[in-house]
Amino acid sequence: MTKIAFIGLGNMGGGMCANLVKAGHTLAAFDLNADAVKAVAAKGARAAASVADAVKDAEVVVSMLPAGKHVLSVHFGPDGVKDHAPRGTLLIDCSTIAVTDAREAHVQADLSGFIMVDAPVSGGVAAAEAGTLTFMAGGTAKAFEKAEPILKGMGKNIFHAGGAGNGQAAKIANNMLLGISMIGTCEAFNLAEKLGLDAETFFRISSVSSGQCWSMTSYCPAPGPVPSSPANRDYAPGFAVAMMLKDLHLAADAARSAGAEIRLGEHAESIYQSLADRGLAGLDFSGVMKDVKGEIPRS
Ligand code: NAD
């Protein structure tokens, strides 16, 4: 089994780290938050005192951090992974970060004699805990081959999306589509209701017709049809507006640098931004339903 250092034990990383222990690997875990370290130590990981302590004899380093600046500084900043992990160590970054930051990390890893895979995830905290995440990985075929058995300990569907940064590219394109389709689903339910159909009736029809999508069938923004969806608990997250907004900002930045037109992506970004501006960044992103229905004051 593999010696793994895990850095970033928050909402997602905590469950992922625990699943790697369950899969039989030897884990050394570090987070700036001592309580997060304690929680995974109780599940069988070694509590490391620093990044240096976590990675000193690692064969693989997995990171799950908030944003690109954290990933670059933890790995390649002063006293980071680069300074303390053995050469040849495989670095797997599962955070959602800019494609450009991910590609920069691959370059730095190459220059320092490491192997790198960017492997962001689809699926939230429940999937991280259950070990059912989807991973989309970018890197060489050889790096992916080494990363795949580790990723299998934390996820169900593992994809090689291509070269450096392609995991992040797949992730933000997917999440931009999700952000757009959720708003469209809310507008369709609201329109149907205003024209006289209740949510259950519209769901029965549309969920097997051409408007069917994940936002409707797995995460329905109208209360009722899908009992597990946040709509049935007043839009408590789930996947918060702030997280959707983060991914839409990343998609918009990437689209600008790639010269790709994303008119609906930008419109979706402005709709979620306006929710955040009105103090609702913590609402589940399907709570855009409340806005579509005019239940949230516009200014
Ligand atoms: P989180 O804020 O709960 O966890 C991040 C952890 O990183 C925190 O515990 C923080 O203390 C730690 N950290 C920050 N800087 C550090 C450093 N320098 N050294 C060590 N630890 C450090 O965030 P999360 O919800 O777990 O999300 C992590 C990543 O996963 C993000 O990139 C996010 O976009 C992505 N993601 C989240 C979800 C979700 O539903 N929460 C779903 C898919 C992807």
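I began with the surface, taking a patch to be made of residues with over 30% relative accessible area and no salt bridge, where like charges are joined within 9 Å and nonpolar side chains (Val, Leu, Ile, Met, Phe, Trp, Tyr) within 5 Å. For salt bridges I used a side-chain nitrogen of Lys or Arg within 4 Å of a carboxyl oxygen of Asp or Glu, and for accessible areas the Shrake-Rupley method with a 1.4 Å probe, where for residues only the protein chains shown count as cover.

I kept in mind that this is a predicted model, in which local features need pLDDT of at least 70 and side-chain atom pairs count only at pLDDT 80 or more, while totals for chains, interfaces and linings use all residues. I number residues from 1 along each chain as its sequence is written, and side-chain values use heavy atoms, with hydrogens and water left out.

**Surface patch**

I found a nonpolar patch on the surface formed by Leu191, Leu195, Leu197 and Ile205, which together have about 380 Å² of accessible area. I placed Leu191 in helix H9 (residues 166-194), where helices (H or I, at least four residues) and strands (E, at least two) are DSSP runs numbered from the N terminus. Leu191 counts as exposed at 51% relative accessibility; I call a residue buried under 20% relative accessible area, exposed over 50% and partly exposed in between (1.4 Å probe, protein chains only).

**Packing of H9**

I next looked up the partners of H9, with axes as lines fitted to C-alpha atoms, for helices over the stretch in contact, and angles running from 0 to 180 degrees between N-to-C directions. H9 packs against helix H13 (residues 263-277) at an angle of about 70°, with the axes 9 Å apart, and the two are therefore roughly perpendicular. My classes were roughly parallel under 35 degrees, roughly antiparallel over 145, roughly perpendicular from 65 to 115, and oblique for the rest. The axes of helix H6 (residues 99-111) and H9 come within 8 Å and cross at roughly 165°, which makes H6 roughly antiparallel to H9. I noted the crossing of H9 and H13 as left-handed and that of H6 and H9 as right-handed; left-handed applies if the near helix is turned anticlockwise from the far one by less than a right angle, and right-handed if clockwise.

**Salt bridges**

I recorded nine salt bridges in the structure. In one of them, the side chains of Arg298 and Asp291 meet at 3.1 Å, N to O; Arg298 is exposed at 59% relative accessibility, whereas Asp291 is buried at 5%. Salt bridges that share partners join Arg46, Asp53 and Lys56 into one network. Within it, Arg46 and Asp53 meet at 3.2 Å, N to O, with Arg46 partly exposed at 35% and Asp53 buried at 16%. I also looked up Lys82 and Asp83, whose closest N and O atoms are 4.0 Å apart; Lys82 is partly exposed at 26% and Asp83 is partly exposed at 42%.

**Backbone in the loops**

I checked the loop between helix H11 (214-217) and helix H12 (241-258), where Gly238 lies, and found a cis peptide bond joining Pro237 and Gly238, with omega about 10°. Asp234 is in the loop between H11 and H12 and has a positive phi of about 50° although it is not a glycine; Asp234 is exposed at 53% relative accessibility. In the loop between helix H4 (68-76) and helix H5 (81-84) I found Asp79, a residue other than glycine with a positive phi near 60°, and Asp79 is exposed with a relative accessible area of 53%.
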